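Here are my notes on the model you sent over. Have the structure open while you read.

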Amino acid sequence: MNHGIVIIGSGFAARQVVKNIRKQNADVPLTLIAADSIDEYNKPDISHVISRGQRADDLTLQPARAFAEQYAVRLFPHATVTDIDASARVVKNRDAQWSYDKLVLATGATPFVPPVPGHELMLTLNSQCEYGAAQQRLFDAKRVLIVGGGLIGTELAMDFCRAGKQVTLVDSAASILASLMPPEVSSRLQHRLTDMGVHLLLKSQLALLEDTANGIRATLDDGRSVNVDAVVAAAGLRPDTALARRAGLRVQRGVEVNGALQTSDPHIYALGDCAEINGRVLPFLQPILLSALCLAKNLLGQPGALTLPPMLVKVKTPDMPLHLAGESHRRDLCWHLVNRHSGMVAKGLDEEGKLRAFVVSEDNMKEAFALLKSLSA
């Protein structure tokens, strides 16, 4: 019996696999199982919802039923898969089980919530559902604390500030975007945020959250405190590997896959935020697009290995947008910066003078594609 392909997850990665399979094969049975409603939405839009006054329902692009009809896929929403029996090729939850010929894990990642006393007071915004649960509190809040100064934290800080809120951002690093670029490169955006009114508490760690008559009191490791109305955890994402671990698959930071996106079980594949490709977790748009295209071919018996060229990462901070690419996190690069009123161009060169990374902002973002070609050379 042909059980076809079963996909666990409903996010961007899962949908791209479905769409790429259907471009090549209209007949293979496809089943998609997910814990949420399986309505389609654009997750990056969550970084802008407050300033735009959007509710969670406003984010829906295509209802699940329409997606099922368009791509001839069986959908099982609000179904949390609890176990994989790899030997029997069956996935299960409390109420049902599904057999598969090939299985795709697109389980995504979960927000890291710092385990401080009072951590249950933190909100997370990693999905439409999470935003829906938090939206009223965020709309009502006049004072917001953001825990984490990475990509999502800086995007949210600007968005909340643009919405007229008093924003405080706390991070243990000495600069924002510290895992992506050195301080001299991120300083332009850092200055823009402070000019807008964002209060940056860097080289600081959250130690305690308490509910008080004046809102939530956030106490830092040095004893300072700030009173806010809402706290958002933006301290990074952890690949969701629990299901893969229970199935006995090899897991490091993420679910280990080879160049064909195949896990340690030859019938199970993984992609997106949950996957670890050549030792790297790549929670960005372009790697997912390329992974989904490669995986669809492999699932349909057209073997091939994933190749990832240098790719652009966009920092969605509208008052000062950035594009970056390459190994911008490397600490051994020599950075050449040109700061103009119209924007910044920063080039990271290795000891031999070869371009290894770049960051461009504002009007200079048009230079990104030429620089990307130089990275690829």
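The points below go from the overall fold to a few charged pairs.

1. A word on the basis: this is a predicted model, where local features need pLDDT of at least 70, side-chain atom pairs count only at pLDDT 80 or more, and totals for chains, interfaces and linings use all residues. Numbering runs from 1 along each chain as its sequence is written, and side-chain values use heavy atoms, with hydrogens and water left out.

2. The chain has nine helices and 27 strands (DSSP runs: H or I of at least four residues for helices, E of at least two for strands, numbered from the N terminus). Buried residues are 52% of the 377 (buried is under 20% relative accessible area, exposed over 50%, partly exposed in between, with a 1.4 Å probe and protein chains only).

3. On to charges: 15 salt bridges turn up (a side-chain nitrogen of Lys or Arg within 4 Å of a carboxyl oxygen of Asp or Glu). Arg15, Lys19 and Glu40 are linked in a salt-bridge network.

4. Look at Glu155 and Lys316, whose closest N and O atoms are 3.2 Å apart in a salt bridge. Glu155 sits in helix 5 and Lys316 in the loop between strand 23 and strand 24, so the pair ties together parts 161 residues apart in sequence. Glu155 is buried at 1% relative accessibility, while Lys316 is partly exposed at 27%.

5. Asp319 and Arg162 also form a salt bridge, at 2.3 Å, N to O. This pair again joins the loop between strand 23 and strand 24 to helix 5. Both ends are partly exposed: Asp319 at 29% and Arg162 at 42%.
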